[in-house]
Amino acid sequence: MLGAKAFIQKSLWWRRSQLSGLLLISIVILGIPAEYFWREEAVKRDYDRIERLGNGDPGERAAVINLAGGCWVGRPFFLVRQYLRERVFGNCRSLQNAKLEKADLSFANLSSANLWGANLTGADLNAANLSGANLGDANLSGANLWGANLSGRANLGDTNLSGAALGGANLSGVFLYGANLSGADFMSANLSGADLNSANLQNAKFACNRYMLEKNQNCLNLKDIRWNERTNWRGIQGWETVENIPPALKKQLKLRNVK
């Protein structure tokens, strides 16, 4: 009797194990498509929020971070499929031509995000991480980029940065070919190694303020920049506070009594 009872218990356990396994497999098979559908629906809602909202609405900021907050892993984990990367680190969707006027993106991590052609006029990008981001042909006129990180070969070619506040921004090695930087404020920015070929820097503000000079803080750094005969340097004041001006540029612009 005991043997028969044990046999029956083992049979029941085996049946339950099989049912549990089948149930688990069914959940996995059905769950992956369902999760994909829910994620894509959330992505559509975020794009819709960017279109409908604006002027610094918190929902717009959340949508941008949801869409591009995981782009920073693209380079170190480029061998991992995007589907898996997004489920571990967050989405990396394009924000090309996005309407982000006056968007509040201060301190946002948008490293390696695709913002090509985006309208970021008057946007607050204070201390934002834009390293490696693609901002080519974007409109950043009047944007606040104070302290932003735009290093890591960020692409700002042909970007409109007229009147932008770039003080303290890290622009080292940035591609600024043909960018419109007229009237931009570069106080204490780091432009070392930047490509300024054909860039328009007319009336840009290079001078450090009195407080920074008194505290011996770093001013605009132009070490190892690249430029050509089409780079527009007209109307710039404050050369006397700029650090590491290339000797060839000093000679070209006939700068005297500068560092």
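Reader: Of the contacts between residues at least 6 apart in sequence, what share joins residues at least 24 apart?

Author: The share is 30% in the protein. Keep in mind that this is a predicted model.

Reader: How confident is the prediction? What is the mean pLDDT, and what share of residues reaches 70 or more?

Author: The general idea comes first. Where pLDDT is low, the predicted coordinates should not be read in detail. Here the mean pLDDT is 84. A share of 81% of the residues reaches 70 or more.

Reader: Which elements have the lowest and the highest mean pLDDT?

Author: Helix H4, residues 210–214, has the lowest, at 65. Helix H2, residues 58–68, has the highest, at 94.

Reader: How many helices and strands are there?

Author: The protein has 5 helices and 0 strands. Along the sequence the pattern reads α-α-α-α-α.

Reader: Now the surface. What does the accessible surface come to, and what percentage belongs to carbon and sulfur atoms?

Author: It comes to about 14300 Å². Carbon and sulfur atoms hold 56% of that. As for burial, 41% of the 259 residues count as buried.

Reader: On to the aromatic rings. How many aromatic pairs does the structure hold?

Author: It holds 5 aromatic pairs. A pair of aromatic rings is described by the distance of the centres and the angle of the planes. Take Phe206 and Trp239: their ring centres are 5.1 Å apart. Their planes stand at 85°, so this pair is edge-to-face.

Reader: Where do Phe206 and Trp239 sit in the chain?

Author: Phe206 is in the loop between helix H3 (82–89) and H4. Trp239 is in the loop between H4 and helix H5 (247–253). They are 33 residues apart, and the pair links distant parts of the chain.

Reader: Is Phe206 buried or exposed? And Trp239, buried or exposed?

Author: The cut-off for buried is under 20% relative accessible area. Phe206 has 1% relative accessibility, so Phe206 counts as buried. Trp239 has a relative accessible area of 9%, so Trp239 is buried too.

Reader: What about the rings of Trp233 and Trp239: how far apart are their centres, and at what angle are their planes?

Author: The centres are 5.7 Å apart. The planes are at 50°, so the pair is tilted. Trp233 is buried as well, with a relative accessible area of 7%.

Reader: Which residues form one aromatic cluster?

Author: Four names make up the cluster: Phe186, Phe206, Trp233 and Trp239. Phe206 and Trp239 are the edge-to-face pair. Trp233 and Trp239 are the tilted pair.

Reader: Next, the disulfides. How many are there?

Author: The count comes to 2 disulfides. One is formed by Cys71 and Cys92, with sulfur atoms 2.2 Å apart. The torsion about their S-S bond is about 105°, so this disulfide is right-handed.

Reader: Where are Cys71 and Cys92 in the chain?

Author: Cys71 is in the loop between H2 and H3. Cys92 is in the loop between H3 and H4. The two are 21 residues apart, and the pair links distant parts of the chain. Cys71 is buried, with a relative accessible area of 2%. Cys92, at 29%, is partly exposed.

Reader: Which cysteine is joined to Cys208?

Author: Cys219 is joined to Cys208, with an S to S distance of 1.9 Å. Cys208 is in the loop between H3 and H4, and Cys219 in the loop between H4 and H5. They are 11 residues apart. Both Cys208 and Cys219 are buried.

Reader: What pattern do the disulfides follow?

Author: Count the bonded cysteines along the chain. The pattern is then 1-2, 3-4.

Reader: Let us end with two serines. Where is Ser106, and is it in a helix or a loop?

Author: Ser106 is in the loop between H3 and H4. Its relative accessible area is 13%, so Ser106 is buried. Leaving aside neighbours within four places in sequence, Ser106 is in contact with Arg61, Asp124, Leu125 and Asn126.

Reader: And where does Ser198 lie? What does Ser198 touch?

Author: Ser198 lies in the loop between H3 and H4. At 18% relative accessibility, Ser198 counts as buried. Not counting residues up to four places away in sequence, Ser198 touches Tyr177, Gly178, Asn228, Arg230 and Thr231.

How values were computed
Residues are numbered from 1 along each chain as its sequence is written. This is a predicted model: local features need pLDDT of at least 70, side-chain atom pairs count only at pLDDT 80 or more; totals for chains, interfaces and linings use all residues. Side-chain values use heavy atoms; hydrogens and water are left out. pLDDT is the predictor's confidence in each residue, from 0 to 100. Helices (H or I, at least four residues) and strands (E, at least two) are DSSP runs, numbered from the N terminus. Rings of Phe, Tyr and Trp (its six-membered ring) pair if their centres lie within 6.5 Å; planes under 30 degrees apart count as stacked, over 60 as edge-to-face and the rest as tilted. Buried means under 20% relative accessible area, exposed over 50%, partly exposed in between (1.4 Å probe, protein chains only). Contact means heavy atoms within 4.5 Å. A disulfide is a pair of cysteine sulfur atoms within 2.5 Å. Accessible areas come from the Shrake-Rupley method with a 1.4 Å probe; for residues, only the protein chains shown count as cover.
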